[in-house]
Amino acid sequence: MKQNKILFFHNNCHFFNTLANELQKENYHIWHENSIGNSLAILNSEDIHIIVSEIRKTDTNEDNIFSHARKIKSDSLHIALVENPDFSVITDIINNGGIWHLATPPWTLQKIKDLIFQAVCSLEVKPKKDELSNDLEEAYKKLIDENENLKLVINRQTNELTDSHQQVDNLNYEMIRRLLIASEYRDDDTGRHVFRVGKTARIISDCMGLSREFCHQIEIAAPMHDIGKIGITDTILLKPGALNENDFETIKKHVVIGAGILEGSEYPVLQMAKEIVQYHHEKWNGEGYLCGLQGEAIPISARITAVADVFDALSSKRPYKESFALDKSIEVIQKETNRHFDPAVVEGFLKAEREISRLYKELEADV
Ligand SMILES: [Fe+2]
Ligand SMILES: [Fe+2]
């Protein structure tokens, strides 16, 4: 069993002799001194656990064993017995001596023994507390590390998921584009017309302040506007010159065929594509086909696509016409405001004019 070492520094020999005799019976090793020099020698040579000292009002700092002990040993516990509890004395003792307990008279053997016992308990508990505190600190650091690792794993998986969503999006877009090229192959084997219509519709939507999601969807949906032409015969579709009334009635069917192809989809982008297909030949003044809808009864996606589609048709060479210069095409769109086209869409188109012109030049449109 560990023997606790206690140093008494005192004048009252009888009281401390009796106390020392009693404590030695209880497995304490006691030194009792009244000389500061001898006390310091003991502190330097022994691992003293507890120091008990009287403090008198007349003591100088040199007489204060606690302040010496603090410099020599930082982990011993100090019990100060203060006969005259003067404020200035107490302040000095506490400031200089690292006091564990300050005891005032009357001092009895039992009172001091109890204090020493409490000090011993405190010394025994301290390493366990330190160990626990270290364990807690260690566990906390481990938790932080694990948290950081977890964050890295989540970030990596989120990035992988985003990449894979992006890939699925790209694949869908690519599939739609290639199917459109197939459907348009007879009069546009490059798919450039539908690509430009999608881009132009997006730019107009953006300039009209429509939502980001709408702009994204219309860029994918607008290129499908003429998907129904897949069901129209070559003799009419590729006929040079003007169409007669019968031809025109046949051409009109591309709206019905296209809407039928896209009917019943649960995907918003295909639902938008269906309304574009169905209504892109309606006119703001109600003179379009197939239903003769007027004004805002025509879905906004179809009103925007109508402008983008006609603008591209004007700017491109077709079997029955030469291409217009961009300025000329813009002028025609402007003239049709309130008649063929929604004025709000034409306003958006004019705001987007510079960006659309830049797009056409970049794509080297066949103008
Ligand atoms: Fe059409
Ligand atoms: Fe078109």
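The following chat goes through the predicted model shown above.

User: what should I know about this model before I look at it?

Analyst: It is a predicted model, in which local features need pLDDT of at least 70 and side-chain atom pairs count only at pLDDT 80 or more, while totals for chains, interfaces and linings use all residues. Residues are numbered from 1 along each chain as its sequence is written, and chains are lettered from A and ligands numbered from 1 in the order in which they are written.

User: ok, how many helices and strands are in the protein chain?

Analyst: The protein chain has 14 helices and 5 strands, where helices (H or I, at least four residues) and strands (E, at least two) are DSSP runs numbered from the N terminus.

User: is the chain spread out or compact?

Analyst: The radius of gyration, taken over C-alpha atoms, is 48 Å, well over the 21 Å that the globule rule (2.2 Å times the number of residues to the power 0.38) gives for 367 residues, so the chain is more spread out than a compact globule. Along its principal axes the C-alpha trace spans about 135 × 40 × 35 Å.

User: which domains is it divided into?

Analyst: The chain is divided into domain 1 (4-130) and domain 2 (185-362), with bounds that come from an automatic or database domain assignment. The centres of domain 1 and domain 2, taken over C-alpha atoms, are separated by 98 Å.

User: what about the sheet, what's the strand order?

Analyst: It is an open sheet of 5 strands in the order 2-1-3-4-5, with parallel pairing, and two strands count as paired if DSSP finds at least two bridges between them. Strand 2 (28-33) and strand 5 (101-103) stand at the edges with a single partner strand each, so one side of each is left without a neighbour in the sheet.

User: how many bridges join strand 1 to strand 2?

Analyst: Strand 1 (residues 4-9) and strand 2 run parallel and are joined by 6 bridges, and Phe8 has His32 in strand 2 as its bridge partner. On the other pairing, strand 1 and strand 3 are parallel over 4 bridges, with Ile50 in strand 3 as the bridge partner of Ile6.

User: and is strand 3 enclosed or open?

Analyst: Strand 3 is largely enclosed by the rest of the structure, because 5 of its 6 residues are buried. A residue is buried if 20 or more other C-beta atoms lie within 10 Å of its own, exposed if 12 or fewer, and partly exposed in between, with C-beta atoms placed from the backbone.

User: new topic, which residues have the most contacts inside the largest nonpolar core?

Analyst: They are Ile204, Ala221, Ile276, Val307 and Ala308, in a core of 38 residues, where a nonpolar core is a set of buried Ala, Val, Leu, Ile, Met, Phe, Trp, Tyr and Cys residues joined through C-beta atoms within 7 Å. Helix 11 (residues 300-315) gives the most to this core, with 7 residues. Apart from it lies another core, of 27 residues, including Phe9 and Leu19.

User: last one, where does His280 lie?

Analyst: His280 lies in the loop between helix 10 (268-279) and helix 11, and His280 is buried, with 27 other C-beta atoms within 10 Å. Not counting residues up to four places away in sequence, His280 touches His225, Ala302, Thr305, Ala306 and Asp309, a contact being two residues whose C-beta atoms, placed from the backbone, lie within 7 Å.
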